[in-house]
Amino acid sequence: MYKMNPADLKLEGSKAYKRKDYATALELYSLAIHHCPADATLFSNRSLCSLKLGKGDQALMDAELCKMKRPGWAKAYYLQGSAQMLLRVPFSATHECICLLC
């Protein structure tokens, strides 16, 4: 599994996510990120897995990295807001969404 190319790691991560095996999916996305650190989709997928596992800090960090790599992508803002809500910091999430719409 660890010698797979990034596209295969992403595919297997997606399969693990669909099986609700979020920990495995998170690990596979992390391995893919190691090979493709500019891919915003990998960070968004890993952020979602972290949310499902209740890891708000990690989800927020990945959402913010995703925003940096793909500015203006609504999914990154959604993930950031979701992580902030998990961490009970909703004002900033609302503020970010309003700024995106301006």
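The structure is a predicted model, in which local features need pLDDT of at least 70 and side-chain atom pairs count only at pLDDT 80 or more, whereas totals for chains, interfaces and linings use all residues. Residues are numbered from 1 along each chain as its sequence is written, and side-chain values use heavy atoms, with hydrogens and water left out.

The protein chain contains six helices and zero strands, where helices (H or I, at least four residues) and strands (E, at least two) are DSSP runs numbered from the N terminus. Along the sequence the pattern is α-α-α-α-α-α. The chain has 102 residues, of which 36% are buried; buried means under 20% relative accessible area, exposed means over 50%, and partly exposed lies in between, with a 1.4 Å probe and protein chains only. Of the contacts (heavy atoms within 4.5 Å) between residues at least 6 apart in sequence, 47% join residues at least 24 apart.

Helix 3 deserves a separate description. This helix covers residues 40-52, and its 13 residues reach 19 Å from the first C-alpha to the last, close to the 18 Å expected at 1.5 Å a residue. The expected span is 1.5 Å times one less than the number of residues in the helix. Helix 3 is largely enclosed by the rest of the structure, because ten of its 13 residues are buried. These buried residues are Ala40, Leu42, Phe43, Ser44, Asn45, Arg46, Ser47, Cys49, Ser50 and Leu51. They pack against helix 1 (6-18), helix 2 (22-35), helix 4 (56-69) and helix 5 (74-86).

Both ends of helix 3 can be described as well. After helix 3 comes Gly54, whose phi is positive, near 75°.

Within helix 3 lies Ser47, a buried residue with a relative accessible area of 0%. Apart from its neighbours within four places in sequence, Ser47 is in contact with Ala59, Asp62, Ala63 and Leu79.

Exposed positions complete the picture. Lys20 belongs to the loop between helix 1 and helix 2, is exposed with a relative accessible area of 61%, and has a positive phi near 65° although it is a residue other than glycine. Arg88, in the loop between helix 5 and helix 6 (90-101), likewise is not a glycine and has a positive phi of about 65°; at 73% relative accessibility, Arg88 counts as exposed. His34 sits in helix 2 and is exposed at 64% relative accessibility. The C-alpha atom of His34 is separated by 8.7 Å from that of Pro6, 28 residues apart along the chain.

Finally, Arg70 lies over the face of Trp73, at 4.0 Å from the ring centre. A charge sits over a ring if NZ of Lys or CZ of Arg is within 6 Å of the ring centre and within 35 degrees of the ring normal.
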